[in-house]
Protein chains: 2
Amino acid sequence: MFTLDPRLHADTFVLGRFPLSLLLLMNDSTYPWLILVPQREGMREIFELAPADQQQLLGESCHLAATLATLLRPDKLNIAALGNVVPQLHLHHVARFRSDPAWPAPVWGKSPAVPYRRAEIEAFRERLIPLLADFTPAGAD
Amino acid sequence: MFTLDPRLHADTFVLGRFPLSLLLLMNDSTYPWLILVPQREGMREIFELAPADQQQLLGESCHLAATLATLLRPDKLNIAALGNVVPQLHLHHVARFRSDPAWPAPVWGKSPAVPYRRAEIEAFRERLIPLLADFTPAGAD
C-alpha cells in the first residue's frame, strides 16, 4: 500500500501517473518543476528499488526530461533525488533558464514558492499531458 | 574522443573509472562527494545518452550509492545531475549527515570547499576502492 508523503502532497498537484511513478507539479510557478514518486512503500534511495523498478524509473525520468526539453527548450535540466527534508524517494525534474531567479544555483531554498493560479496549472497540464506516453492523467480512472 | 571538462578536472581527483564513467572525488572534505562522468563526448543530459549507456550509468550510480551507504552509513544520499555551471553530463553523489554544515539544504554553494590533505584522500581511496566492482583505479592501467 503506497501513500504519498503528506508534505509532498501539500506542496504539489498530482498530474497523474506513469506505470511506476506519480507525476507531481510543484506548486511554485517560478520554475517548471515536476516530481516523480515511485509508488513503492518505504523507499528512500534509488538503489533500494528492485532492479526492474530502477529501470522503469530511469525510463520514466528520461521520457519526462526529453518531453520537458522538447516542450520548454530550457537551458538545462536539473534532475535530483535529495530527500533530506522528505525522505520518501522522489526525483525532481526542474527546467532551468538563464533568466530564472536562481540561475546558476540550484532552486532549493532560493526564493519563496509563488503558487500557481488555477488557469496556469490547467494551461500547463494541457500542453504537457498529451506529450506523455504510458500516462494516466489524474481523474481519468 | 572524451575529454573531461577542465573545471571538473580542476575541482576533483580522478579515482578511476567504471566501464562507462569516470569516478571523481570532489576536493571538498566537508562532505563525502563523488561524481560520475560518462565518458561520452557532448552529452549534457541523461536522456541524451544511448539507452544502453543510460542503463549502464544507472547501474554504476546504484552500485556507487549502495557502496557509499554501506561504507559511511549516511542519513541520506543526494544524487543529482545539475550542470548549470558545467554542462558536461556529470552525476553528483553526496553522502549527507544531519551533522554536516549544510543539512538539510543541498550542498551546492553553501560553504567554501575545504581541500583534502593528501593522506585523507589516500585513506578514503583505500576504504572505497576495494568495495567497487568493475572498477579500474587511476594509475592501474
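Good morning. I begin with Trp108(B), which counts as buried at 16% relative accessibility; buried denotes under 20% relative accessible area, exposed over 50% and partly exposed in between, with a 1.4 Å probe and protein chains only. Trp33(B) is also buried, with a relative accessible area of 5%.

This is a predicted model, in which local features need pLDDT of at least 70 and side-chain atom pairs count only at pLDDT 80 or more, while totals for chains, interfaces and linings use all residues. Residues are numbered from 1 along each chain as its sequence is written, chains are lettered from A and ligands numbered from 1 in the order in which they are written, and side-chain values use heavy atoms, leaving out hydrogens and water.

Let me turn to the aromatic pairs. Rings of Phe, Tyr and Trp (its six-membered ring) pair if their centres lie within 6.5 Å; planes under 30 degrees apart are stacked, over 60 edge-to-face, and the rest tilted. Over all chains, the search finds six aromatic pairs. In chain A, Trp33(A) and Trp108(A) pair edge-to-face, at 6.2 Å centre to centre and 85 degrees between the planes. Trp33(A) lies in strand E3 (residues 33-38) and Trp108(A) in the loop between strand E5 (91-96) and helix H3 (118-128), 75 residues apart. Helices (H or I, at least four residues) and strands (E, at least two) are DSSP runs numbered from the N terminus. Both Trp33(A) and Trp108(A) are buried.

What of Trp33(B) and Trp108(B)? Their ring centres are 6.2 Å apart with planes at 90 degrees, so this pair is edge-to-face.

Finally, Tyr31(A), Trp33(A) and Trp108(A) form one aromatic cluster. Thank you.
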